[in-house]
Amino acid sequence: MRRVLILLLLGVYGCSRDAATGIDVADALGGVPETGFARAMEPRTFSFPEDHYSHPDYRNEWWYLTGQLEDKNGARFGYQLTFFRIALAPKAAVRDSAWATRQLWMAHAALSDIDAQEHRHEQRFARAALGLAGQSRSPFRVWLEDWTLVGGEDGEFPWTLELETDDFSLALTLTPERAPVLQGKDGLSQKSAEAGNASYYYSITRLETAGELRRGDLIHAVDGRSWLDREWSTSALGDDQIGWDWFSLQLSSGADLMLYRLRERAGGTDPHSAGSILSADDRRIGLGAGDFELDALRWWTSPDGARYPVAWRLRVPGEDLDLRVEALLDDQEMRTSVSYWEGAVDVWPFAGGESIGRGYLEMTGY
Amino acid sequence: MRRNRALLRASLRFYRQHPLQLALTLLGIALGAAVIVAVALATRAAAVSFDRSLDVLAGPMTHEIRAHEGAVDENLYRWLRVDRGLRDVVPVVRLRVTVDGSSVDLVGTDPFALIARDDAPPAAGNALAALLTEAGAVQIPVAIAERFDLVEGEPIEASVAGRGAALNPVAIFESTDGEWFGNTLLADISTAQHLGGRHGELDSIQLRLSAPGAADLAARLPDAVELRAFDDQRQTFDDMTRAFRTNLTAMSLLAVLVGAFLVYNAMAFAVVQRTPSFAVLRMLGTLPTDLFRLLLIEALGLGLIGGVLGLMLGTVLGQGLLVLVTRTVSDLFVSVDALRPDFSLGQLLLALSVTLAAVLLATLAPARAAARTAPAALERESRAQSSPSARRLLLPGLLLVLACPIVIVVSGQSLLAAFVGLFLLVAGYALLCPLALRLSLAALVHGGARVGGTALQLSLRGVQSALPRTGPALVALAVAVSATVGVAIMIGSFRISVADWLGDTLQGDLYVYLDAEGARLDPAWQASLEGLPGVSSAAAARVRTLSIDGESMRVLALDRLAAEVRSFDIVAGPEDAGQRMLEDGRGILVSEPLARRRGLSLGDALILATPRGAVELTLRGVYRDYASSYGGAVVAQDVFARYFSDQDLSSLALRLDASADAAALQQQIRDLGAAEGLDLVVVSNRSIRERSLEIFDRTFLITDVLRALVVVVAFVGILSALLALFLERRRELAVLRATGLTPRQLFALVLRQAALSGVLAGLLALPLGAAMSVLLIDVINRRSFGWTLQMHFDLQVVLHALLLSVAAAAMAAVLPARRLAVSDLRDALYDP
């Protein structure tokens, strides 16, 4: 459910030129029309590893990894690496050039150094041509320049993730602890009323993660747990949806909770808000907009003036959940072409007591 | 203090009484200063313009990767980004696009290489989707859109790489002057490769690297490419144009030198005129040092006023010179496009200081003379002027003249030293002039008494008696004219050398090449043109820009046939060095400027960078070449065949049968090209020669202009000297009138005297001019450009010099003579 970036990029929210990155990517990309692309109309049969590969007939697609890591001294980190595939047109003019493409790749990488209370991030773009970026088979590989996610010959796990920035680098091995879970209705995640305004969406909610991370000049051996979201779609949200709050929580009970609230322009919760709980014994419990409640407890104001709720009360009365979810670091804002907040959180019983889970929170449209 | 004020008031009164004198002195100073300023501003503007065009090209990048030869393989870009993990990397494909008959640059690049940058050009992100996916999509800066009247969305009929193409302006963007990629059409790199037929090729890859990063990368790059720092290109431009700029600066200093004579004359006059009042002042207790100081203060005042006027005049003059400098730099070195002189306070102050220094130096002798005024002396005749006697100048003059060859011999290849030598020669010669004038006049008067009539006698004696007053001005005129002579002989010799060289070099009758910089012909053209009726042979020239010992230059590949139509005048090495090189296949010939600049000698090993690695070649000969002051080289075609994958031709030289119709053939070949969509240029031997000489002449236009300016300064000097002279001799000349000379006769007498003076100055100018030409040709030109020229004396130059000198003196005399002829006799006779 991380369509925020794409939607914003495609100009749905018409943001202004971002001084920090110089170029207004949203403007640059313009509104790529939906016509000519495939759309998510009805449930489909998913098959793996086939569906780890890209679905170029759809306009947008992403491989979204977030996770929390810890070194042997207990120093905690959060990380994000996302590859976005964005088709600029259903078809492109024929050009006698190896650079010719209609596909753009964007990647966001972030590291939250919890002990140092620092958040670092970087954004990259590349065309799907000349081997600069793309998704290939044999072995399974998603890459944008030297940021890579590589699997086995046929996409089998473990996958390795490698990325390098000036501030930090990651070299992690990801091994699923659970099978992929299809979100929405058998993987069809309806986002607004109109047919086709939906995505195909699956998650691997727990991946055992181990490797090394470099922060500045210091290398830490780390392990922890990641969450993979895969989604592809063509159509946008409705005009009256301005953003969302998205949670991916791994609870110590063994249950994993995914939940998003779509916010309406008028301030209310959109009825297409949804979520799911994958219980410890692998039962999937779907959640509708009426099955949960979210209340902001504390806000943090970004340097640009956006006011993000960084502590929440999350209730799922039917499942007897009453949680407090709070950021491990207030400033985990991604000041990329489009600013949003994406960061590591801890989960407590709202009534008080020891932490009962970890996760990631994404907030957009603030 | 009060005493000083009184002295200054007296000075002001004096100059108020002689306004014309004052005006001319100021004009002379102003002209001298103006020439320095103008030259400095114009040459600086050319450099600044080059820097700016480099800025537009480089933007925030520091380095670029280029192929030693041809294009950069695009896969290198992926290697840099993906394998090396470099971020500040931008691929560039550059095309020339013709729209409505005029051409503009089109840059194809990867918008994603720019998009996330803080310093991205304004065009980088606009209409990204359209750029990537629509046919012929380009973004256009507003300035170009307005120039060609282009509108967003309206297709443009253009021609790219000699073929028609439809461009589709998907966005028009604002850009400011000098912005990175701000003055070109911008397209996605795939569009540019498609339009230009450049599949797989890049022109360059721009990078931003730290110094260690650059060194590390340079060591890992494949042999076929090189990493160059943009700053080095600035340095190269600086180095290339240094000699040219030094030459211009020297010319401008000559104007100051000539102006200094004028100041000397004017100040000496001012002293002589005021000798009685100085005498009175001395009687009243004014100290010699006060008078000395007074004169220096006067000079300083004149220098400041004249200098500031000169700065203003110079900025205007600089505008004019700029056009010439820019064109010459573009013709000789690299294309620059400077629009306005570049003002730098430092340069203005420097010019002002040089002017003031010259003025003060020129005033030293007159000021000493003023200081030596005896109390109550009442003489006011010219001969009372205590200028250094001609004889006393003999020794210093000789010493300076002798110092010139010594400086030149011991200074090796230093251009600056060569100019110092030149100035020593001029200064020494100038010091010898007064004695030469005096002796020659004495001899003439002696001889004239026997052969000539009274009129000639009278004129000669007049000139002789005027010498102390007019001497310095005549010397100044002689120096100015000698510069004209020297430069004229140098340019004349140069032109003849170039013309001869062109004649030797261009042995073909018709030359065929493609109308695009660096474009090449398929080798098949050689056979097909050779097969045309009327063509007896078609020799192929292959020219590549290659790196020799790390320096990029044009290298020509020679085969047996080409050697027949391109002869080489070997200046070092065996006469048949070309043949020997062809035979052993491992030899190389280099042009004279390169050999001189790099101090190469026969047998030296030179490293040629090729796509297949470095090749060591042995220097077999040095040939005369005026095509580039930077240098060039020739290797055997075998070398190209072995180390380069493509054997495309740069040009073909055709020899025609005696009966062939050249014009018809030219058209026929053009049509053949057009049939294949190629824009073939077919030109005759003669038109290349004419065009080359045209560029040659254009190159020296600026020298001509500066030379003329020096003569103008000298002219002002003569005018001022004659005015002073006749002012002093009013009474004497009035006596002549009183004794029966008509105004017309008096006018004629004065003009004759002036013309005679002019002849003398002209004659004095000739030996100095000849010596200067030797220095210019054999020392300065060689040290500047490395060219050897055939010295060529031209009688016409001598006649021109004499004519110029006489005309300048006579014209300068017209105004004073007229004033004299019509002046009131009584005033002149009884003026105290």
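Strand 21 covers residues 333-335 of chain A.

In it, A:Glu342 faces A:Glu362 of strand 23.

Confidence in chain A was also examined. The mean pLDDT of chain A is 88. A pLDDT of 70 or more is reached by 90% of its residues. Over residues 1-30 of chain A, however, pLDDT stays under 50. For this stretch the model has 82 contacts beyond four places in sequence. Where pLDDT is low, predicted coordinates should not be read in detail.

In chain B, helix 22 takes part in two helix contacts described here. One is with helix 2 of chain B. Helix 2 spans residues 19-58 of chain B, and helix 22 spans residues 685-728 of chain B. Their axes come within 9 Å and cross at roughly 165°. Angles over 145 degrees count as roughly antiparallel, so helix 2 of chain B is roughly antiparallel to helix 22 of chain B. The crossing of these two helices is left-handed. Helix 2 of chain B contributes residues including B:Leu20, B:Leu24, B:Gly28, B:Leu31 and B:Val35. Helix 22 of chain B contributes, among others, B:Leu706, B:Val713, B:Gly717, B:Ser720 and B:Ala724. By class, this contact of helix 2 with helix 22 of chain B has 13 nonpolar, 6 polar and no charged residues.

The other contact joins helix 22 of chain B to helix 25 of chain B, residues 795-822. The axes come within 9 Å and cross at roughly 35°. This crossing of helix 22 and helix 25 of chain B is right-handed. From helix 22 of chain B, the contact residues include B:Val711, B:Phe715, B:Ile718, B:Leu722 and B:Phe726. From helix 25 of chain B, they include B:Leu804, B:Ala808, B:Ala812, B:Pro816 and B:Leu820. The contact of helix 22 with helix 25 of chain B has 16 nonpolar residues, no polar and no charged. B:Leu719 and B:Leu723 of helix 22 are among the residues that touch helix 2 of chain B, and both also belong to the contact with helix 25 of chain B.

Technical notes: Residues numbered from 1 in each chain as written. Chains lettered and ligands numbered in written order. Predicted model: local features only at pLDDT ≥ 70, side-chain atom pairs only at ≥ 80, totals over all residues. Axes fitted to C-alpha atoms, helices over the stretch in contact; angles between N-to-C directions. Helix = DSSP H or I, 4+ residues; strand = E, 2+ residues; numbered from the N terminus. Parallel < 35°, antiparallel > 145°, perpendicular 65-115°, else oblique. Left-handed = near helix turned anticlockwise from the far one by under 90°. Contact = placed C-beta atoms within 7 Å. Nonpolar A, V, L, I, M, F, W, Y, C, P; charged D, E, K, R; others polar. pLDDT = per-residue confidence, 0-100. Pairing = 2+ DSSP bridges.
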